[in-house]
Amino acid sequence: MWNNEQGYDNTLNAFRNSLERLQMDYVDLYLVHWPVAGKYLETYKAIEHLYEQGKVRAIGVSNFLIHHLEDLMGSCRIKPMVNQVEFHPLLTSKKLLMFCRKEGIQLESWRPLMQGRLDIPLIRELASKYGKTPAQIVLRWHLQQGVVTIPKSVRKERIEENADLYDFELAPEDIVRIDGLNEDRRFGADPDRVDF
Ligand SMILES: NC(=O)c1ccc[n+]([C@@H]2O[C@H](COP(=O)([O-])OP(=O)(O)OC[C@H]3O[C@@H](n4cnc5c(N)ncnc54)[C@H](OP(=O)(O)O)[C@@H]3O)[C@@H](O)[C@H]2O)c1
């Protein structure tokens, strides 16, 4: 649900238009894209309605921080099933990850490969240790924390590389070393600073 179409009626209209463009009669997952102040509660109410009508298989939010989730859970009837946020080794968001785990909200990572900024000595070292690529090390780090990850590439060989993650496992101490790269660094917008 895009930022400028939020609100109860707008959401129902926008959803109808999306279904038409997709030529579908349902979608698998529908997310509130941004915690737009003063609007996201109404937007989410409309999404709950679509879920109850069977037009959406799973519902959730995106770019919600802990305080947005607490606010939403104070009034919603159906807990968000997914929260899609920027998440990678330079932005490990431990508190948010723990909060979502505790609440049973699946964390999903956007910009998981930091848009290709993978030239980090530790990541290179681990790539050589495990005989995998830097992207695979970073994506495996996501998976082993139970985070769903959605890397993007326009190249067939990279799409295959980014899915080839199931023949190795990072040792717990290497997960901790990658966690240590955290700089709370965002490459995208900060949900507390940008209000669409
Ligand atoms: N909910 C939100 O607010 C939000 C915000 C931003 C993005 N997203 C979504 O998140 C997904 C991914 O985000 P993103 O594209 O920003 O970030 P990303 O997946 O971290 O980075 C994509 C970039 O990394 C390169 N890349 C991909 N695989 C690689 C590999 N194996 N080795 C080296 N470089 C590689 C790609 O280049 P090539 O294409 O040349 O391979 C592309 O430039 C998208 O579906 C996007 O729609 C959601």
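Biologist: What should I know about the model before I start?
Modeller: The model is predicted, so local features need pLDDT of at least 70 and side-chain atom pairs count only at pLDDT 80 or more, while totals for chains, interfaces and linings use all residues. Residues are numbered from 1 along each chain as its sequence is written, and side-chain values use heavy atoms, with hydrogens and water left out.

Biologist: Where does the ligand sit?
Modeller: The ligand sits in the largest pocket. A pocket here is an open set of points on a 1 Å grid over the protein atoms alone, where a 1.4 Å probe fits, with protein on both sides within 12 Å along at least five of seven lines. To sit in a pocket, a molecule needs more than half of its atoms within 2 Å of the pocket's grid points.

Biologist: Which residues come nearest to the ligand?
Modeller: Gln84, Arg111, Leu113, Ser153 and Arg158 come nearest, out of 22 residues around the ligand. A residue is near a molecule if one of its heavy atoms lies within 4 Å of it.

Biologist: And how does that shell divide by residue type?
Modeller: The shell has 9 nonpolar, 8 polar and 5 charged residues. Ala, Val, Leu, Ile, Met, Phe, Trp, Tyr, Cys and Pro count as nonpolar, Asp, Glu, Lys and Arg as charged, and the others, Gly among them, as polar.

Biologist: Which helix gives the most to the shell?
Modeller: Helix H7, residues 156-163, gives the most, with 3 residues. Helices (H or I, at least four residues) and strands (E, at least two) are DSSP runs, numbered from the N terminus.

Biologist: New topic. What is the phi of Asn63?
Modeller: Phi of Asn63 is near 65 degrees, a positive value in a residue other than glycine. Asn63 is in the loop between strand S2 (56-62) and helix H3 (66-73).

Biologist: Is Asn63 buried or exposed, and why?
Modeller: Asn63 is buried because its relative accessible area is 3%. Buried means under 20%, exposed over 50%, and partly exposed in between, with a 1.4 Å probe and protein chains only.

Biologist: What about Asp184?
Modeller: Asp184 also has a positive phi, about 50 degrees, and is not a glycine. Asp184 lies in the segment after helix H8 (172-179) and counts as exposed because its relative accessibility is 57%.

Biologist: Where is Met114, and how far is it from Ala127?
Modeller: Met114 is in the loop between strand S4 (106-110) and helix H5 (121-130), and it is buried, with a relative accessible area of 0%. Met114 and Ala127 are 13 residues apart in sequence and 16 Å apart, C-alpha to C-alpha.

Biologist: Last one, where is Trp141?
Modeller: Trp141 is in helix H6, residues 134-144. At 0% relative accessibility, Trp141 counts as buried.

Key:
On a 1 Å grid over the protein atoms alone, a cavity is a set of points where a 1.4 Å probe fits but cannot get out, and a pocket is an open set with protein on both sides within 12 Å along at least five of seven lines; lining residues have an atom within 4 Å of a point.
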